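Hi everyone, thanks for making the time today. I'd like to walk you through one structure, so please have a look at it while I talk.

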Amino acid sequence: MAKRTFSSFEIFLIFLLVITTGITVALLSLLFITSGTIENHTGFPSTQGPPATQSPPATQGSAAPQNSTPSRGPTTTQASPTPSTPEPTLFQNFSGYHIGVGRADCTGQVSDINLMGYAKTGQYARGILTRLYSRAFIMAEPDGSNRIVFVSIDIGMVSQRLRLEVLSRLQNKYGSLYRRDNVILSGTHTHSGPAGYFQYTTFVIASEGFSNRTFEYMVTGIVESIEIAHKNMKPGKIFINKGTVDGAQINRSPTSYLWNPQSERARYSSNTDKEMVLLKMVDLNGEELGLISWFAIHPVSMKNTNHLVNSDNVGYASYLFEQEKNKGYLPGEGPYVAAFASSNLGDVSPNVLGPQCTNTGESCDNANSSCPIGGELYESASQEVTGPLASAHQWVNMTDVTVWLNSTHTVKTCKPALGYSFAAGTIDGFGTVSFTQGMTEGDSFWDTLRDQVLGKPSEEIKECHKPKPVLLQTGELLNPHPWHPDIVDVQIVTLGFLAITAIPGEFTTMSGRRLRQAVREEFEAYGMLNMTVVISGLCNVYTHYITTYEEYQAQRYEAASTIYGPHTLSAYIQLFRVLAKAIATDTVANLSSGPKPPFFEELMSPLIPNIVDRAPEGTTFGDVLLPANTIYRVGEVVEVTFVGANPKNSAENRTHQTFLTVEKYEATSATWQIMHNDASWETRFYWHKGSLGLSNATIQWHIPDTAQPGTYRIKYFGHSRKQDLLKPAVLLSFESTPSVFEVTTTW
């Protein structure tokens with residue numbers, strides 16, 4: 001009989017069962033250092049109108065107005081009633097918009113933390129390929145009366161806790177200028193960014209704890225990018241273009257797509273959305289400021305075998321475009337900002353040749369071949385965007401939405417639950433061996449295990465989610481905090497004839513098409529004709545996937561991960577219609593704010609502890625262990641290994657803005673010029689963790705064909721953790737001795 005191997009998911013569940021039966025302590029009291037309390041986020045208006053989901057689509061009754069702002073956010077700082085930062089003087093006599101762009105580092109930890117996306121046990125960050133950035137765009141009307149903010153962030157998704165904290169800090173600094181209704185935070189959905197910035201238990205477990213250092217790093221970067229955009233605002237114009245991008249994507253659940261009505265599918269030429277929508281921003285002198293592009297593609301070109309933090313394919317697109325426009329600047333620097341934002345990517349994969357992993361011998365570093373750059377669309381963008389700005393937002397209890405199928409029949413959304421096929425994963429990242437996609441029946445072994453560990457799911461939740469067999473009844477698991485969100489953001493901002501719908505999850509291709517059509521029709525019904533509607537994904541709070549009702553019946557991974565049940569999409573369509581109508585009829589002020597989301601104070605600490613860094617006897621941090629060769633040709637790889645320290649220290653003490661530099665000696669000035677940093681695609685920073693605080697750091701430079709012959713050196717920067725007896729730990733910055741070598745084009 002063959003020996004059975006257990007997957008990480010199976011081991012996790014069995015471990016929970018042993019713990020609960022062995023010591024009879026509640027499951028998560030062992031995982032959490034303190035259980036904490038659930039606190040309502042008191043920084044937002046206390047007035048609550050009836051949920052916008054209990055009646056047919058209609059403008060809600062009076063409640064908290066849309067421009068209500070927090071008097072106090074998740075942080076305890078008391079907000080000033082007026083902005084503490086002077087408002088830039090806005091020149092008003094022009095046609096166009098005030099435009100501000102900004103970019104800031106939001107990388108977070110690059111070691112001792114799970115990467116967020118694949119939920120694969122053991123996929124810890126062990127270094128960095130590229131930095132992660134927050135890219136902010138502010139657009140305001142000429143008189144400054146209305147403005148909107150769109151932020152695209154190189155992270156897996158925006159968490160509710162992240163958004164609440166960002167809004168609080170913006171309110172503390174700017175008063176009512178930047179609010180919940182006019183600020184969109186959208187994650188690019190890279191699967192190679194750090195986890196650890198969530199508050200709901202499902203994601204905290206997947207992250208193996210809450211990392212305050214990563215959370216603070218991200219919040220600071222997002223706010224800083226908005227501050228930069230705010231300071232840089234100038235009169236300008238915005239142009240829009242659309243075009244088809246072929247050969248960059250496939251539908252990874254094509255059989256689910258076929259469940260949609262044939263008459264509906266016949267209206268489209270493909271089972272993925274190939275259209276890219278792009279905004280080009282220039283000032284009144286024609287100087288280029290930035291771009292925002294929306295295109296449906298999963299950033300999973302880096303597979304679940306990867307351990308280097310990076311922004312994946314869409315981040316690579318931003319990198320290339322910004323390098324082209326910011327000549328002479330290092331990556332992450334320069335005035336031009338390019339965001340390649342997420343869209344309805346739920347069932348869309350970039351792996352057009354199928355999944356490939358590094359252990360097969362083939363490179364998974366295929367971002368260059370599968371990344372839509374959109375240069376032609378940008379250069380030919382000529383249709384100017386004109387018209388007023390508007391925004392509408394509501395919080396909604398997504399577990400209790402009454403959906404009107406017609407004037408007489410209603411259905412309901414469900415408390416959150418994950419189905420069996422959730423554990424199967426996708427072709428981009430396979431899950432556990434005992435689960436497959438398309439499971440519409442449970443398994444007695446796993447049902448029994450779940451019932452003993454977590455309790456039995458109610459008949460109500462099982463009935464509501466059919467035909468999904470419930471694996472985890474997350475909506476009924478509340479300790480030490482709820483496992484999934486009940487309160488969800490819905491939001492639309494309009495820029496002239498462009499409407500941006502902020503989606504709190506991953507819409508599939510057909511789900512996105514239905515929402516765009518419904519929102520467009522709602523605008524047209526109230527006089528706003530020829531609207532262009534874009535889906536902006538992974539916004540404001542994460543709620544997994546949203547399939548169509550028909551796709552839900554197939555119960556592949558995306559359907560099993562549609563946590564509010566089979567009518568989730570219909571509920572969102574109804575809710576976004578309400579927002580569109582309010583904008584079109586100028587009744588946004590009458591919308592209820594909805595129930596306020598919670599903000600949890602006490603969260604599970606990271607499972608990996610902080611320990612003191614140690615250098616081998618006779619060495620110090622930054623010493624060269626394996627130097628570079630004396631000479632290299634272009635196309636070769638330089639590699640240097642140093643005595644290292646844990647890179648997560650540098651997420652706390654940010655004395656250095658990079659872990660590495662590649663520098664070239666300039667004889668004419670007798671100086672070393674930085675040619676590359678750790679945000680450069682040509683560099684790699686690997687951290688090798690040893691025992692008892694010992695570690696090494698290896699830096700690689702893949703010498704590009706454009707490198708000029710000459711003398712180069714590689715330097716390493718870091719922070720070591722030191723703690724003397726009975727004293728608090730301190731972080732000490734260091735930099736390495738350089739490793740010098742020559743680069744030549746020939747031997």
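This is a predicted model: local features need pLDDT of at least 70, side-chain atom pairs count only at pLDDT 80 or more; totals for chains, interfaces and linings use all residues.

Let me begin with one definition: two strands pair if DSSP finds at least two bridges between them. Strands β8 (residues 234-244) and β10 are joined by nine bridges and run antiparallel.

Eight of its nine residues are buried, so the strand is mostly covered. On β11 (residues 288-294), β10 has another antiparallel partner, with six bridges between the two. Here Leu278 stands opposite Ser293 in β11. The hairpin of β10 and β11 has four residues between the strands, and Gly286 takes a positive phi near 90° in this hairpin.

Now let me step back to the whole protein. It holds 16 helices and 36 strands, and 60% of its 747 residues count as buried. If you take contacts between residues at least 6 apart in sequence, 78% of them join residues at least 24 apart.

Is α5 enclosed or open to the outside? Of its 20 residues, 14 are buried, so α5 is largely enclosed by the rest of the structure.

In soluble globular proteins, nonpolar side chains tend to be buried together. The largest core here has 82 residues, and Leu495, Phe523 and Tyr572 have the most contacts inside it. Helix α16 (residues 568-584) gives the largest share of this core, twelve residues. Beyond four places in sequence, Tyr572 touches Met398, Val488, Val490, Pro504, Phe507, Leu515, Thr543, Ile546 and Tyr564. There is also a second, separate core of 72 residues, which includes Ile153, Val309, Tyr545 and Ala697.

Thr494 has Ala499 of β23 as its bridge partner.

Next, the annotated residues. The UniProt annotation "binding site", from an unreviewed entry, covers His189, His298, Glu506 and Tyr545. They span 357 residues in sequence, yet no two of their C-alpha atoms are more than 12.7 Å apart, so they gather at one spot. His189 lies in the loop between β6 (183-187) and β7 (193-194). Is His189 buried or exposed? It is buried, with a relative accessible area of 2%. Leaving aside neighbours within four places in sequence, the contacts of His189 include His298 and Glu506, along with Met157 and Leu538.

Last stop: Ser253, in the loop between β9 (250-251) and α6 (254-257). Ser253 is buried, with a relative accessible area of 2%. Beyond four places in sequence, Ser253 is in contact with Asp347, Gln437, Arg556 and Glu558.

That's my tour, and I'm happy to take questions.

Definitions and conventions: Residues are numbered from 1 along each chain as its sequence is written. Side-chain values use heavy atoms; hydrogens and water are left out. A nonpolar core is a set of buried Ala, Val, Leu, Ile, Met, Phe, Trp, Tyr and Cys residues joined through side-chain atoms within 4.5 Å. Buried means under 20% relative accessible area, exposed over 50%, partly exposed in between (1.4 Å probe, protein chains only). Contact means heavy atoms within 4.5 Å. UniProt positions are given in the numbering used here, feature names are shortened, and annotations may be inferred rather than shown by experiment.
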